[in-house]
Amino acid sequence: MPDTTAAPPDRRRVSVGAALDSFFFVLAGFSSVWLAVLLATESLGLGWGLLWFAVLFWALLAYLVLPRLHRILTRLYVPNYFIGRTRTSDGLLGDPVNLALNGSAAQVHAALAAAGWTRADDVTVASSLRIVSSTVRRRSYLQAPVSPLLLFDRVQDFAYQQEVADNPAKRHHVRFWRCPDGWMLPGGHRVDWVAAGTFDRAVGLSLFTLQVTHKIDEHTDIERDHIVASIRQAVPETRIVLLRDFATGYHSRNGGGDNIQTDGDLPVIDLRAMLLPGQPGVAGAQVGQAPGQPGSVIEVTGLS
Amino acid sequence: MTGARSGEADVARPRRPASVVGGSLLMVARALSGGFVIVTVLTRWQEFVGTIEINGARLDPVDPQAAAAILGWLLGSYGFILVLYLGLAALVFTGRNWARVVAMAFASASILISFADYSLNGAQITLRTSLVSVTLDILILLALSSTNARHYARAVRAARLERAAR
């Protein structure tokens, strides 16, 4: 078939602007390394100012140099298609995707609110200031923003969290991404949303980026099952399709250097039968699409 | 920085990321540090007029007026460049992509010249010499070359084209 070897239809055009951007991006990465060397050299000549300069050096390294180097390197060798893992803003592998949902945005929001979850604010100047002020005044900030993680090349659409006993270092949290139109999970399951739920157990230093961040609990399956159980309890119409061994079970690390382990099961939470106040007809019409009775759990296991 | 939820707002008015705000502020700081040099020269005018040389010979003892004119002309051009640079910072802030690229080119050229001086001539880059300006240039380049800054400039351009098409 000689025809098929002709010019591929969507060959990427390399524009001058994109090439320039890449050049500056990489040059900035190398320059920042040089700046770190300059600051380190300078700090050796400062006697009493050493501590102050060391803090500056750490901030530069953790928040500017390492992220840029990670960005450059991960762009080269971390795959950008769906592998069941989110990515941090530096391009490192982040929390595992361990939930999927079917239903409208309104249904997802209503179900989570009913299950006692609080929506996290977006990261803005105002919310950042509020984190600082609530930390200083030791007040809790229920809607504190969560850090951005990327899937489908974009930041989560929204995130929900539950505080634990007035301890700002610990919290349940789950991030949601709307799947692109027509997109299917590996294995051909069509879902509307995928989500990544993890439990923050402490505040600490990230191993790879040296940044201050939340450390997550290793047992991500417990958090996953907690989210599913809380929604099932609050919304009796929920159906669960449990994809057994969706991924192989694994032990690994996320972008912050925390261990994670999972059995690889993926629960699909089906909220399409959920009745919303004010529009009962719409939800009722969709009941036929969802498999199983309200409240049922269907397990899907591999055939071979 | 923007999710699908703000997709509609993206077209009308993209949200300015911190990297663009920080990058523009650093450019202003860079211009101000240049202004500080001008003020320093003005306050010690006679000293600096004495350093003007032509063909290796001091000009001041021979023709003090010409020496002062040359220094004034140099300072004036530098001040003019700084004002242009401030304008560039404002354009970067409003999301002009070409302004961002030009600002990055300036920063890169300055960094590369300093680096060549440092690695080839063994120039000392310390707080007393050029560490502050080199730091500012590198931070400007880092901020403006970030993915957020790039996406913002592209989004502003797309929004402008869309408004023009209507």
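Modeller: Let us start with angles: those under 35 degrees count as roughly parallel, those over 145 as roughly antiparallel, those from 65 to 115 as roughly perpendicular, and the rest as oblique. Each angle, from 0 to 180 degrees, is taken between the N-to-C directions of axes, which are lines fitted to C-alpha atoms, for helices over the stretch in contact. Helices (H or I, at least four residues) and strands (E, at least two) are DSSP runs numbered from the N terminus.
This is a predicted model, in which local features need pLDDT of at least 70 and side-chain atom pairs count only at pLDDT 80 or more, while totals for chains, interfaces and linings use all residues. Residues are numbered from 1 along each chain as its sequence is written, chains are lettered from A and ligands numbered from 1 in the order in which they are written, and side-chain values use heavy atoms, without hydrogens or water.

Colleague: At what angle do helix 1 of chain A and helix 7 of chain B cross?

Modeller: The axes of helix 1 of chain A and helix 7 (residues 147–165) of chain B cross at roughly 155° and come within 11 Å. The two helices are therefore roughly antiparallel. A crossing is left-handed if the near helix is turned anticlockwise from the far one by less than a right angle, and right-handed if clockwise; this one is right-handed.
As for contact (heavy atoms within 4.5 Å), helix 1 of chain A contributes Gly17(A), Ala18(A), Asp21(A) and Phe25(A), and helix 7 of chain B contributes Thr147(B), Arg150(B) and Arg154(B). Ala, Val, Leu, Ile, Met, Phe, Trp, Tyr, Cys and Pro count as nonpolar, Asp, Glu, Lys and Arg as charged, and the others, Gly among them, as polar. On that basis the contact holds two nonpolar, two polar and three charged residues.

Colleague: Is Thr147(B) buried or exposed?

Modeller: Buried means under 20% relative accessible area, exposed over 50%, and partly exposed in between (1.4 Å probe, protein chains only). Thr147(B) has 12%, so this residue is buried. Leaving out residues up to four places away in sequence, Thr147(B) touches Phe25(A), Arg71(A) and Arg75(A).

Colleague: How do helix 1 of chain A and helix 5 of chain B cross?

Modeller: Helix 1 (residues 16–44) of chain A and helix 5 (residues 97–120) of chain B have axes that cross at roughly 40° and come within 11 Å. That makes the pair oblique, and the crossing is left-handed. Among the residues in contact are Phe24(A), Leu27(A) and Trp34(A) from helix 1 of chain A, and Met104(B), Ile111(B) and Phe115(B) from helix 5 of chain B. The contact residues divide into 13 nonpolar, three polar and two charged.

Colleague: Which residues have the most contacts inside the largest nonpolar core?

Modeller: In soluble globular proteins, nonpolar side chains tend to be buried together. A nonpolar core is a set of buried Ala, Val, Leu, Ile, Met, Phe, Trp, Tyr and Cys residues joined through side-chain atoms within 4.5 Å. The largest here has 31 residues, and those with the most contacts inside it are Trp34(A), Leu60(A), Met27(B), Leu141(B) and Leu144(B). The elements giving two or more residues to this core include helix 2 (50–77) of chain A and helix 6 (131–144) of chain B. A second, separate core has 21 residues, including Leu112(A) and Phe158(A).

Colleague: Where does Ser230(A) lie?

Modeller: Ser230(A) belongs to helix 5 (residues 220–234) of chain A and is buried, at 10% relative accessible area.
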